[in-house]
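Q: Please take a close look at the aromatic rings in this model and at how they pair. I would like one connected account.

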Amino acid sequence: MRRCLDVFAQMLRESRFEFERPLAGLEIELNIVDAYGEAAMRNAQVLAAIEQPDWATELGQFNIEINIEPQELSGDGALHLENDVRARLNHAEERARSQDGHLVLIGILPTLREQDIGEGTLSANPRYRLLNEQIFAARGEDLHLCIEGVERLDTHADSVAPEAACTSVQLHLQVSPEAFASHWNAAQAIAGPQIALAANSPYLFGKELHRETRIALFEQATDTRPAELKAQGVRPRVWFGERWITSVFDLFEENVSYYPALLPLCEDEDPRTELEQGRIPHLHELTLHNGTIYRWNRPVYAVVDGVPHLRVENRVLPAGPSVADIAANAAFYYGLMRVLPYAERPIWSQMSFQAAEDNLAAAARHGLDARLYWPGMGEVPAAELILRRLLPMAHEGLAKWGVNGPVADRLLGIIEGRCLTGRTGASWQVDRVRAHGGDRHEALRSMTLGYIERMHSNEPVHMWDV
């Protein structure tokens, strides 16, 4: 890894990266359920039925993932992206039904029970088994999940399988090495507002916890530190970070300096030899290690068609509720990322890193009801910050991307609608369960079936009836 890091530094110094145009891509994780809305451990069968290379396994047998190739957003690009995702999901849902399964876009599957989660739940991929073994070898003790929210969850697990409950949307943005730090800093600054808007994970194991419980669950489910190392201040593997950066190198250097390798797998390629002979090294060990450090905004190095590039991978968003909502969340993010990194007075020079982290924690806990800090406004309700300050910026950014006006207006109108109604996926789920009353699991099951029906209508969640 240190050799890879040295070669990476040399590549950055010598400007070996090519960068022609900004590209946007995304990954979407989904849950598989049966006809009753309960978790169905059938990802191998469903993937075999879908039979498309852009679909893959995820950690749990009730998860799958789709990867959407990077593309341009200009013109009607954002609309094509939404239609493309919708068409692929429709095809996959049709194939999943042949295996008695249904696909759900949701942050945490509400019907998931503790007995659904165990080492036997992990997908067959050997990497997941190895990761599980290494995390528990590092911990030396069972996993303790303790989340204080509207209700309280306090339980233990003997595998990393609870992490599989977290299903997210990851947004990718390809940037030049010179522009990476400003884009990463900007992404960190808006993580709180993103979560407030998109919260969609209020339930875990039958308990109502945070509006976006996925944040706390993911942080705890992949923690390799026993109690004494936490007390000593050893960094967690899922974390927000600790400072604004000046170069992408800062993040990879932190990875190598602070984190032991969880997957000690080496390739034959010698990165220094590759570089000296005029070829582009893949930096296998550095990128594998980076994949086991779960930053909410992760740096990505990749080689495509012999050309190296860098991406910011935005990992804060939950899946769902509808494809239209996912497209709106993406438009909001990409619009802001076309303005904030280029501001004359950068946002990260006006607010502390701790304030950005506090915003994320508050938004995860309270959703649109959170109060968030923003320079020039102080601490204000999330909806007010988004409507007054961030939405106009996102409109400006999409215009700079060259997105057609009607497309931008429709997608950002969905964001505005959520702020004006106060309705997110999380608040809809909670309202629906409370209205149902009675047995909690039955209420969650009924709500999940109603959620799936509305999800397939592709109507934005702020328009869903309770």
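A: Trp-239 and Tyr-259 are both buried in this predicted model. Their ring centres lie 6.4 Å apart with the planes at 70°; an angle over 60 degrees counts as edge-to-face, so the pair is classed as edge-to-face.

Another of the pairs is formed by Trp-184 and Phe-353, with ring centres 6.4 Å apart and planes at 15°. The cut-off for stacking is under 30 degrees, so Trp-184 and Phe-353 are stacked. This pair also links distant parts of the chain: Trp-184 is in helix α5 (residues 177–189) and Phe-353 in helix α13 (residues 353–366), 169 residues apart. Buried means under 20% relative accessible area. Trp-184 has 1% relative accessibility and therefore counts as buried. Phe-353, with a relative accessible area of 7%, is buried too.

Ring pairs also form a cluster, which links Phe-8, Phe-17, Phe-252 and Tyr-301.

Charged side chains sit over rings as well. Arg-235 lies over the face of Tyr-258, at 3.5 Å from the ring centre. For Arg-338, the charged end sits over the ring of Tyr-342, 5.3 Å from its centre.

Notes: Residues numbered from 1 in each chain as written. Predicted model: local features only at pLDDT ≥ 70, side-chain atom pairs only at ≥ 80, totals over all residues. Heavy atoms only, no water. Phe/Tyr/Trp six-rings, centres within 6.5 Å; stacked < 30°, edge-to-face > 60°. Helix = DSSP H or I, 4+ residues; strand = E, 2+ residues; numbered from the N terminus. Buried < 20%, exposed > 50% of the residue type's maximum accessible area, 1.4 Å probe, protein only. Lys NZ or Arg CZ within 6 Å of the ring centre and 35° of its normal.
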